[in-house]
Amino acid sequence: MKKKVRSIFLRSAVMRSAAGLLFRLSASTTICHSFTWSITPILLLFTLATTFTIPIKANPLPVIGKKCLKITTRTGLSSSFGKKVFEDSNGFIWICTQDGLNRFDGKNFQIYRKDAQPYYRMPGSDINAIAEDTSSKMLWAITSSGGIAGISTISYKVVKTISIPIGASGKVIWLRSMVFLGGKLWLGTDKGLYAYDPKTHKFTILKFPQTITDYINVEVLSGDGKSKLWIANDNGTLIVYDVLKNKIVTWNKHSFLKQKDVQYFLNFTQIYLKNPENALISTASDVYEVNLKHNSLQINKIILPGKTK
């Protein structure tokens, strides 16, 4: 018999253009119950909100009316600046913040950061992304400059830490984003796209021809769960790469930039894959729907409520 779970809606002070996919958790972040299902917990993302499910448990958090719970730094959240929300295969909710990784069981928070006790100690506290490898029962989390942490989904303790390589210039590499795909961790950095193989413990860097991109700051990554990795850097280039065939499927350069804004870097904030050939992509100012058809990208801007073209 499947556990009953309660769908909850996380309402946050949304970053103006991130469409709810990259958000700042405000002091009045609210969790609202909507209805009860008898299903396995699942993570659902919508363009203007983040929706997920957790097991029903007695919750000590402040109740607003009959349906809403409020979570703040006063009720256990380690920081008011949230970056990512993720649900693992066991139904725990993880929130990456600027000051620690938060694991929420519907009742309490467990905080992972640099100054925590050994089992929960991270190589850094500014957490940018988290991904799961269900085959090895591991969660991987990246810190902006401290490195990578491996967390067991059996014990939920930090069992591995990995130092990031130093760039050719001798400077620290900043980790921006991460996806687990094709048995490897794909890392978006300010020095390009890296792959880490947990089996061989080796890092490799993926280099793109300059005809595609001459800028190497990889802002956002997203994987389709099979072989295709979507890559966005902050000069307006979007690349779809097949990690198993080791080749570029297609790419599109500067289509997201307005002509008057070409001189500025483009801030991609999130790529959400609705399916392997359809994505929602948020930038510093807009949201786009992108379709992958016949190895080419079709890009359409979505006009959000209250905005004009």
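Asp126 is partly exposed, with a relative accessible area of 21%. For that term, buried is under 20% relative accessible area, exposed is over 50%, and partly exposed is in between, with a 1.4 Å probe and protein chains only. This is a predicted model, in which local features need pLDDT of at least 70 and side-chain atom pairs count only at pLDDT 80 or more, while totals for chains, interfaces and linings use all residues. Residues are numbered from 1 along each chain as its sequence is written, and side-chain values use heavy atoms, with hydrogens and water left out.

Back to Asp126. Its side chain meets that of Lys83 in a salt bridge, 2.4 Å from N to O. A salt bridge here is a side-chain nitrogen of Lys or Arg within 4 Å of a carboxyl oxygen of Asp or Glu. The pair links distant parts of the chain, 43 residues apart: Lys83 is in strand β9 (residues 82-87), and Asp126 is in the loop between β12 (109-112) and β13 (127-133). Strands are DSSP runs of E with at least two residues, helices are runs of H or I with at least four, and both are numbered from the N terminus. Lys83 is buried, at 11%.

The structure holds six salt bridges. Another of them joins Arg113 and Asp99, at 3.1 Å from N to O. Arg113 sits in the loop between β12 and β13, and Asp99 in the loop between β10 (93-97) and β11 (100-104), 14 residues apart. Arg113 is partly exposed at 24%, and Asp99 is partly exposed at 31%. Asp190 also forms a salt bridge, with Lys191, the closest N and O atoms being 2.9 Å apart. Salt bridges that share partners join Asp99, Arg113 and Asp115 into one network.

Is Asn217 buried or exposed? Asn217 is buried, with a relative accessible area of 7%. This residue lies in the loop between β20 (202-206) and β21 (218-223). Beyond its neighbours within four places in sequence, Asn217 is in contact (heavy atoms within 4.5 Å) with Arg176, Thr189, Asp190, Asn233 and Asp234. With Arg176 there is a side-chain to side-chain polar contact of 3.4 Å. A polar contact is a pair of N or O atoms within 3.5 Å; within protein, one must be able to donate a hydrogen and the other to accept it, and residues adjacent in sequence count only if both atoms are side-chain atoms.

Asn291, in strand β27 (residues 287-293), is buried at 15%. Its side chain makes a polar contact of 2.2 Å with the side chain of Asn278.

Now the rings. There are nine aromatic pairs in the structure. Rings of Phe, Tyr and Trp (its six-membered ring) pair if their centres lie within 6.5 Å; planes under 30 degrees apart count as stacked, over 60 as edge-to-face and the rest as tilted. Phe104 and Phe109 are stacked, at 4.6 Å centre to centre and 25° between the planes. Tyr196 and Phe203 have centres 4.8 Å apart and planes at 45°, so that pair is tilted. Tyr196 is buried at 3%, whereas Phe203 is partly exposed at 25%. Ring pairs also link Phe92, Trp94, Tyr112, Tyr120 and Tyr156 into a cluster.

Last, the overall picture. The protein has zero helices and 28 strands, and 50% of its 309 residues count as buried.
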